[in-house]
Amino acid sequence: MSGMKDRTGEILVNEKIAKDVYKMVVVFDDLPEDIKGAQFAHVKLNDASHLLRRPFCVCDFDKQDRTITMCYAVVGKGTELLSHYKKGDKINVLLPLGNGFTPDKSYKKIVLLGGGMGSAVLPAIATADPQLEYYTYLGFANADKVVLEEELKKVSKQITVATDDGSYGKKGFVTDILAKDMDAIKPDAVFCCGPEVMYKALRRALEGFNVPIIVSLEARMGCGIGACLVCNCKVKRNGKEEYARVCIEGPVFKLDEVVL
Amino acid sequence: MSNLKVNVAGVEFKNPIITASGTFGFGREYDRFYNIDVLGGLCTKGLTLKPRQGNPYPRIAESPSGMLNSVGLQNPGVDHYLATDDILLSKRDVIVIANVAGSCIEDYIAIAEKMNDSKADMIELNISCPNVKEGGMAFGVLPKNVEAVTAAVKKACKNKPVITKLSPNVSCIADNARAAEQGGADGISLINTLAGMAVNYKTKKPILFNNTGGVSGACVKPIALKMVWDCFNAVKIPIIGLGGITSYTDVLEFMICGARAVEIGTHNFTQPLGAKDIVEDLTKYVEENDIDVNDLVGSLILNA
């Protein structure tokens, strides 16, 4: 994380891409060389009454253009305020934070699995390691919630979209759909970002496949750099359950070690 | 002649800016943003006799111009500290204040005895953590307990000044300041966080797993200023003021109300360079206006 610092960026795009979901593109004077997939940006709002920064995954980045893209759902007052920011507005962003995803050198094929807004983590993984073959599975509650299908289609060898109610794509839980395709794909690893309930379902669905499952967790955060100890998640290490900091020891963990 | 140096309980600080316990770890994370030697001092994360896991998630919630936390004193334990960060920090050009907490008087005595071997410059006695069920806070409410725990720690820790950190969740903080002084405290720091709640109206549940937490941030500053002033008028020992400081002008206000030095807490979360910026801004102000910060302490001019 040598390139980590507080950067001032200028908003190029802040537009609605689905119901309550926005895409923001920010340009900086410089972008760190070492930025990778599944890292996050800690965004300061231009309003002192909301003093905590908001952590958003870096949905995608472009080193040449010095831009990052963030996709966020409007879920509270902070994201509501953010959704009104205009092109040309300046924002402060601590970037890049978190361990990110470093694919093993032996990997050739990776399944990217996204649940709802968790899908926003996936494009940057393909950007960071374009030499790998990606098989993408996205699950959403319904057609209104579908995001990033086009972006991910471009970088995937194959893409499958499912909705719980069948209003778009295949009907059913995307974890079950993936499980049926596993023998055909034979991926070297599965990378998943979604809600906790999805990780539980994934653990069940892929039991017996003997494939590394890597997940990206989210948490309410304070400092974002490992000092304040509020973004704790429970992990099992050396047979012992203990707390890890999502911001600095994560957000990427092996699903095996996460206590759900 | 302009001057930023302050002396708190016999310990000289190159400037009055200290980072507050629980907001700065042991300095390592922020040292990646700036050289922490620019600070006057650093308070460590609260240390306990045994390692503590702390409270389950969620531990943080936002409130207008503030936040609540309920970390619950997660820390690696005092022995781990003595073997690692204590040594690393002693090599830095910054005053180190080890914050210690316990859940019974025996704990406080035992940890104070261990601190005799620490290279830290001072001890900050945490008797006001609102996030640990079995203790801390219990010692911080009644004046007789404040006095007793301070006296016990003073007796056990022979080679360092002891600063008693006071809770604002009391009926009269000046009484507790006097009790700490009576117990032999070399100084007091205030305020710790204010007990509070954040509630989700949809689920009807508190946001924090621990149900309640400690409120901090800019919203507590007026309360802290008044309490510092109250304590300044109650005791002779030096006061370290904290609560919602986000700028050098806030620092000046705390010193005018009676603080000899100040701690920066929640602001570190919003601005990782915040404490460093405050040191720089304060330095500039003091030089431009040819001020000795010591002349500010308690210089408040009340309206008639």
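A disulfide is taken here as a pair of cysteine sulfur atoms within 2.5 Å, and by this rule the count over all chains comes to 0. The structure is a predicted model, in which local features need pLDDT of at least 70 and side-chain atom pairs count only at pLDDT 80 or more, while totals for chains, interfaces and linings use all residues. Residues are numbered from 1 along each chain as its sequence is written, chains are lettered from A and ligands numbered from 1 in the order in which they are written, and side-chain values use heavy atoms, with hydrogens and water left out.

**View 1. Cysteines of chain A that are in no disulfide.** A:Cys193 is in no disulfide, and the nearest cysteine sulfur, which belongs to A:Cys57, is 6.4 Å away. With a relative accessible area of 9%, A:Cys193 is buried, a class that means under 20% relative accessible area, whereas exposed means over 50% and partly exposed lies in between (1.4 Å probe, protein chains only). A:Cys223 is likewise in no disulfide, the nearest cysteine sulfur being that of A:Cys228 at 3.8 Å. A:Cys223 also counts as buried, at 2% relative accessibility.

View 2. A:Thr79 is found in helix H1 of chain A, residues 77-82, where helices (H or I, at least four residues) and strands (E, at least two) are DSSP runs numbered from the N terminus. The residue counts as buried, at 7% relative accessibility. A polar atom of the A:Thr79 side chain lies 2.9 Å from the backbone nitrogen of A:Val75, and the side chain of A:Thr79 reaches the backbone nitrogen of A:Gly76 at 3.1 Å. When neighbours within four places in sequence are left aside, A:Thr79 is in contact (heavy atoms within 4.5 Å) with A:Phe56, A:Tyr72, A:Ala73 and A:Val74.

**View 3. Salt bridges within chain A.** A salt bridge is a side-chain nitrogen of Lys or Arg within 4 Å of a carboxyl oxygen of Asp or Glu, and a search of the whole structure finds 25 of them over all chains. One of these joins A:Glu10 and A:Lys90, whose closest N and O atoms are 3.9 Å apart. Because A:Glu10 lies in strand S1 (residues 5-18) and A:Lys90 in strand S7 (residues 90-97) of chain A, the pair ties together parts that are 80 residues apart in sequence. A:Glu10 counts as partly exposed at 32% relative accessibility, and A:Lys90 counts as partly exposed at 48%. A second example links A:Lys63 and A:Glu33, with the closest N and O atoms 3.8 Å apart. Here A:Lys63 lies in the loop between strand S5 (60-62) and strand S6 (67-73) of chain A, and A:Glu33 in the loop between strand S2 (21-28) and strand S3 (40-44) of that chain, so the pair ties together parts that are 30 residues apart in sequence. A:Lys63 is partly exposed at 36% relative accessibility, whereas A:Glu33 is exposed at 65%.

View 4. B:Asp175 and B:Arg178 form a salt bridge in which the closest N and O atoms are 2.9 Å apart. Both residues lie in helix H7 of chain B (residues 173-182), 3 residues apart, which is about one turn of the helix. B:Asp175 counts as partly exposed at 34% relative accessibility, and B:Arg178 counts as partly exposed at 38%. Elsewhere, salt bridges that share partners join A:Arg237, A:Glu242, A:Arg245, A:Glu249, A:Glu257 and B:Glu29 into one network.

**View 5. The interface of chain B and chain A.** In this interface, 34 residues of chain B are in contact with 32 residues of chain A. The two chains bury about 2600 Å² between them, 59% of it on carbon and sulfur atoms, buried area being the accessible area (1.4 Å probe) that two parts lose on being put together, summed over both. In chain B, B:Tyr57, B:Ile60 and B:Glu62 lose the most area to chain A, together 24% of what that side buries. The rule finds 2 salt bridges across this interface, and the side chains of A:Arg245 and B:Glu29 meet in a salt bridge at 3.4 Å, N to O. On the side of chain B that touches chain A, the elements giving two or more residues are helix H1 (28-31), strand S5 (60-63), strand S6 (66-69) and helix H10 (267-270) of chain B. The largest share of that side, 4 residues, comes from S5(B).

Notes. Polar contact = N/O pair within 3.5 Å; in protein donor to acceptor, adjacent residues only side chain to side chain.
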